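User: I would like a close look at one part of this model, namely its disulfides and what surrounds them. Please take the pieces in turn and connect them where you can.

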Amino acid sequence: MKTTSKFAILLAICWLGGLLYLGGSFYQPDNSAQTAKELKRVLRELHNLKQQNDRLQNGAMELVPQEETNDKCNSGPTIEHEKLRRKVDNGITEFWFYVRSELQKLKEKSSDKIVKDRIDVVLEDAGNQQRSIMTDLYNLSIVDDTGQWKISAAKALSDTVQQRFYYLQNPIDCGNANKLVCNLNKGCGYGCQVHHVAYCLILAYGTQRTLILESRGWRYSPEGWERWFMPLSNTCRDRKGSTTGRWGRKYF
């Protein structure tokens, strides 16, 4: 009993000593400047970790569709098969164009009505045969669920490209992002200017840059592109950056 009491007293003393030690570590002398500095450091590290996490999430979004695209592409016909099929398709079309053109030349040169009528019959029969072969080629391109595979592969590829566009057009840090500035107000028609936007977008995509479209004062909308269309970015529409320069070979 005495041993138990001594053990209990010793345990209580140890617990009290530990409590006093922990209390002393929590209640340090007030140092507001040091505390504020430490708080800023912690917040800065948290911000950096958040940026890294966002980059990892965007990278994961970009990689997953690519894996799905590869899986779909690997389950379809081989590249050699598709190239050969397209070559046959094109060969039949070009052969028909040649035959039709030559027969029409013969018809124009001939003065014999019987010959002309015969050429018309041949053209009609040959045309029907050509269309029948092209139908067979089309059926060959979709047989054994190949058509469904093409639709799935095309959608997967479309999703991949669109997600990469979204990733490039919405950088985490707009100020430090690589950008391509494109001016829309060209001296040509509407279709020409829309093509110009498409060319700029392709170039930005190929060089992995964020496209900044400057369109204020556009002849078709003085308010700019966003007056009638969705903006090209949700987070980055300013051309400002750490460094700028005119486009040239060194930027490729």
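Are cysteine 174 and cysteine 236 buried or exposed?

Analyst: The model is a predicted one, and every value below is computed from it. Both cysteine 174 and cysteine 236 are buried. They are joined to each other by a disulfide with an S to S distance of 2.0 Å, and this link is right-handed, with 65 degrees about the S-S bond. The pair ties together distant parts of the chain, since cysteine 174 lies in the loop between H5 and strand E1 (179-183) while cysteine 236 lies in the segment after strand E2 (210-214), 62 residues apart.

This link belongs to a set of three disulfides in the structure. If the bonded cysteines of the protein are numbered in sequence order, the pairing reads 1-6, 2-5, 3-4.

In the disulfide between cysteine 182 and cysteine 200 the sulfur atoms are 2.1 Å apart, and with 55 degrees about the S-S bond the link is right-handed. Here too distant parts of the chain are linked, with cysteine 182 in strand E1 and cysteine 200 in helix H6, 18 residues apart. Because the cut-off for buried is under 20% relative accessible area, cysteine 182 counts as buried at 3% relative accessibility, and cysteine 200 likewise counts as buried at 10%.

Cysteine 188 and cysteine 192 form another disulfide, with sulfur atoms 2.2 Å apart, and this link is left-handed, with -80 degrees about the S-S bond. Cysteine 192 has a relative accessible area of 39% and is therefore partly exposed.

From H6 the picture extends to helix packing. Helix H5 (residues 146-169) and helix H6 (residues 190-206) pack with their axes 10 Å apart and at an angle of about 85 degrees, so the two helices are roughly perpendicular to each other. The contact brings Val161, Arg164, Phe165, Leu168 and Gln169 of H5 against Leu201, Ala204 and Tyr205 of H6, and its residues divide into six nonpolar, one polar and one charged.

Helix H3 (residues 79-109) and helix H4 (residues 113-142) have axes that come within 10 Å and cross at roughly 170 degrees, which makes H3 roughly antiparallel to H4. Among the residues that make this contact are Val88, Ile92, Trp96 and Leu103 of H3 and Ile119, Leu123, Ile133 and Leu137 of H4, and the residues of the contact divide into twelve nonpolar, five polar and six charged.

Key. Residues are numbered from 1 along each chain as its sequence is written. This is a predicted model: local features need pLDDT of at least 70, side-chain atom pairs count only at pLDDT 80 or more; totals for chains, interfaces and linings use all residues. Side-chain values use heavy atoms; hydrogens and water are left out. Axes are lines fitted to C-alpha atoms, for helices over the stretch in contact, and angles run from 0 to 180 degrees between N-to-C directions. Helices (H or I, at least four residues) and strands (E, at least two) are DSSP runs, numbered from the N terminus. Angles under 35 degrees count as roughly parallel, over 145 as roughly antiparallel, 65 to 115 as roughly perpendicular and the rest as oblique. Contact means heavy atoms within 4.5 Å. Ala, Val, Leu, Ile, Met, Phe, Trp, Tyr, Cys and Pro count as nonpolar, Asp, Glu, Lys and Arg as charged, and the others, Gly among them, as polar. A disulfide is a pair of cysteine sulfur atoms within 2.5 Å. Buried means under 20% relative accessible area, exposed over 50%, partly exposed in between (1.4 Å probe, protein chains only).
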